[in-house]
Amino acid sequence: MGRVPNVTRADAPPSLRNPLAFIAARWTPDPRTVRRAALAALVMAVVIVVTGGAVRLTGSGLGCPTWPKCTEDSITSTREMGLHGVIEFGNRLLTYVLCAAVGWAIVAARSQKPFRRSLTRLGWAQFWIVMGNAILGGIVVLVGLNPYTVAAHFLLSSALIAVATVMWQRTREGDGEPRPLVGTAVRQLVWFMVAASALLIAVGTVVTGAGPHAGDSSEVPRMPVDWETVSKLHAVLAWIVVTLTFALWFVLKAVDAPRGPLARTRELFLILLAQGAIGYVQYFTDLPEVLVGLHMFGSCVMWIWVVLVLLSLRERPATALDTTVLPAQEPATSPSIAGPR
C-alpha cells in the first residue's frame, strides 16, 4: 500500500469536491486488496440475509416497532424490549457494516490503476440497492411485516448478491471483449437454468409468506394461498433446476468444455442436492427454525453459484493496460472448443 501521503490544508478543498478521486490520487491498492474488498461486500450481502432470517425466525420482526428509530423516543432498543429488541436492532446495525463493506469495495475499485469504470459502477450499483433495501426494510416494519413487502425485501437482497458476485468475478478478469467458451445452444440452456432458479427463489418467498413463521409473536397477515400447494410447486421447480444443471454438466462433458464451466456446474449440482435435502427434511419435520435458516443460507449460496456458472461461459482476457494489474491467467478455453485464433 505504500507510505501514507502527507496531506496539507491546501488538500482539503479538492478532497471535499471529489473524495474518491482524492483518495485514488494518493493510494493504489494491490489487486488482491480489490478482490478481497469485493469478496467482503459479497460475504456481507449473504450475512445480512441470514441475520434477517434470524430476526424473522425468532419472532423479532417487530422487536423495534417503528423506523428509522427503534421506538418513538429511542434510536436504540431499550431494556424493556428484551431480547427481541436486541435482535432486531442488531440486524439494523449490520446494515452499517454492509454499507462499510460496499464502500470499501467502491474505494478500492476507484483507486485501482488503471481505472476500471465497470468495477466502480458495479460497486455503486450495490450501494444504491443497499439504500433501497434499507428503506424497504423500514416499510416492512411500518406496515407490520406485510408478507408481500417481506418477499420484496428478500428479492432485492438476492439482486444485491447477484451484483456483488459479478463484481467479485470481474476483479479476477480483464477488461477485454468477452469471448464465449461454449456454443449458443449451451448458453441458451444456462439462461433457462438462470430463469428457473430466479423463479425458484421467487416462489420460495411465497412459501415463506404463506407459512407459519410470520416473524412476530403477534397476529401477522399471511399470503392467501394454500401453503401445501405452493410448497409442492417450489419442490417441482427445484427438481427442474436440478435437472437443467445435470443436463448442462452432461452437455459440457460431451463437448469437451473448458475446466471452469465444468467445475462451476458440478459445484452447483452438489449445492442443489444439499439444498434439496435440507428442504425435504424441514418440510417433513414441521419447519424447525434452524433448518429454515440453513435453507435460507443455502438459497444464497445456490444463487451465487448460478451466477458464477453463467459468468464462467465466457472469458475476458486482460488488455494491454490490465497487464499491470492482473496476474497471469491460465487460458480458460479448451483447444477443442476454441479452435484456431
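Student: In which loop does Pro68 lie?

Tutor: Pro68 lies in the loop between helix H3 (31-57) and helix H4 (82-111). This is a predicted model, in which local features need pLDDT of at least 70, side-chain atom pairs count only at pLDDT 80 or more, and totals for chains, interfaces and linings use all residues. Residues are numbered from 1 along each chain as its sequence is written, and side-chain values use heavy atoms, with hydrogens and water left out.

Student: What makes a run a helix here?

Tutor: Helices are DSSP runs of H or I with at least four residues, numbered from the N terminus.

Student: What is the omega of the peptide bond from Trp67 to Pro68?

Tutor: Omega is near 10°, and the bond is cis. Another cis peptide bond joins Lys113 and Pro114, with omega about -5°. Pro114 lies in the loop between H4 and helix H5 (117-142).

Student: Why does Leu145 count as buried?

Tutor: Buried means under 20% relative accessible area, with a 1.4 Å probe and protein chains only. Leu145 has 7% relative accessibility and therefore counts as buried. Leu145 is placed in the loop between H5 and helix H6 (147-170), and its phi is near 60°, a positive value in a residue other than glycine.

Student: Why is Asp286 called exposed?

Tutor: Exposed means over 50% relative accessible area. The relative accessible area of Asp286 is 71%, so Asp286 is exposed. Asp286 lies in the loop between helix H9 (259-284) and helix H10 (289-311). Although not a glycine, Asp286 has a positive phi of about 60°.

Key: Helix = DSSP H or I, 4+ residues; strand = E, 2+ residues; numbered from the N terminus.
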